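Trainee: I have a model open and would like to learn how to read its features. Could you walk me through a few?

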Amino acid sequence: MVIWPFAPPSPFSWQQQLTAAFYSFATSPIVTVLVGAKRKVYSFHKDLLVKRCPFFEKCLKDSYKEGRENQVYLAEESPAVFDRFATFIYHNRIDEIVTFPDNSLAVRAFALADKFCMPRFQNALIDAIACFHKEHTVFVPDLDFINDHVLLNSKIKAFLIDQLIYDIVRSNDIDQTDLTGKEVSRIIRGGGDLATEIFWAVGNIARRNDWPSHWRNRCNYHNHETDDKRECYRKREGAEDSD
Ligand SMILES: [Zn+2]
């Protein structure tokens, strides 16, 4: 299954859409993006890349060396995470997440989307991550990563904390001796912002009866402030019968 960002699937196949995108940008210069310590090479049509990503729009201006040479080096990024970005730029979608390692990469892609100023990418990632967590508990190291790499009010952080609390409440298996229980205890003992946020999420649970990963509630974790103002709840409800 493919998680489409808000709109129902196009009547055209992805191959047709890719072909159309290719010809509409066929006259565009090509940008080379080198990613990670081993400099994995990605090639993008410049017109498409700057249209869909404000970060590259800025750094590929003609007044910058990167813009004149059409080459950008992202030493700190991981190719496995950047692959998700490349897929979204060309296919405008997030593939279904089926494993914990895939989900961890999607969580890291959310932090990348934050850095690249791409709310639509973030919203699509939240939907895919929420789908995964309908059947799977939160992997606490993902929450640790997010706590270290996004702002305090980030939507992904709010989602993972809410989902973690619901995992604990709804499961008879999570206690202080299992892995999730031990990890949560570690965070609480360590103190800091994350421990405080978990404390208040637990405190608020009595006033909530909604599951974070349920489709109806996902818009709470979207960012529609900038480039993504589309209604997503009603349009996608029918398209995701499994929710
Ligand atoms: Zn929404």
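Predicted model: local features only at pLDDT ≥ 70, side-chain atom pairs only at ≥ 80, totals over all residues.

Trainee: Is Ser 28 buried, exposed or partly exposed?

Mentor: Count C-beta atoms, placed from the backbone, within 10 Å of the residue's own: 20 or more others is buried, 12 or fewer is exposed, and in between is partly exposed. Ser 28 has 16 such neighbours, so it counts as partly exposed.

Trainee: And which residues does Ser 28 touch?

Mentor: A contact needs C-beta atoms, placed from the backbone, within 7 Å. Leaving out residues up to four places away in sequence, Ser 28 touches His 45, Lys 46, Asp 47 and Leu 48. Ser 28 and His 45 are 17 residues apart in sequence, with their C-alpha atoms 5.7 Å apart.

Trainee: Now helices. Which residues of α8 are buried?

Mentor: The general idea: an α-helix has 3.6 residues a turn, so residues three or four places apart point the same way. In α8 (residues 140–149), Asp 142, Leu 143 and Ile 146 are buried. Seen down the axis, the buried residues of α8 fall within an arc of 100° (taken from the directions from the helix axis to the C-beta atoms), so they line one face of the helix. The face turned away from that buried side carries the exposed Pro 141 and Asp 148. Cover for the buried residues of α8 includes α6 (100–115) and α9 (155–170).

Trainee: How do the axes of α10 and α11 cross?

Mentor: Axes are lines fitted to C-alpha atoms, for helices over the stretch in contact, and angles run from 0 to 180 degrees between N-to-C directions. Here α10 (residues 179–190) and α11 (residues 192–204) have axes that come within 7 Å and cross at roughly 115°. That makes α10 roughly perpendicular to α11 (the class for 65 to 115 degrees).

Trainee: Which residues of α10 and α11 meet?

Mentor: Ile 187, Ile 188 and Gly 190 in α10 meet Gly 192, Leu 194, Ala 195 and Ile 198 in α11.

How values were computed
Residues numbered from 1 in each chain as written. Helix = DSSP H or I, 4+ residues; strand = E, 2+ residues; numbered from the N terminus. Contact = placed C-beta atoms within 7 Å. Parallel < 35°, antiparallel > 145°, perpendicular 65-115°, else oblique.
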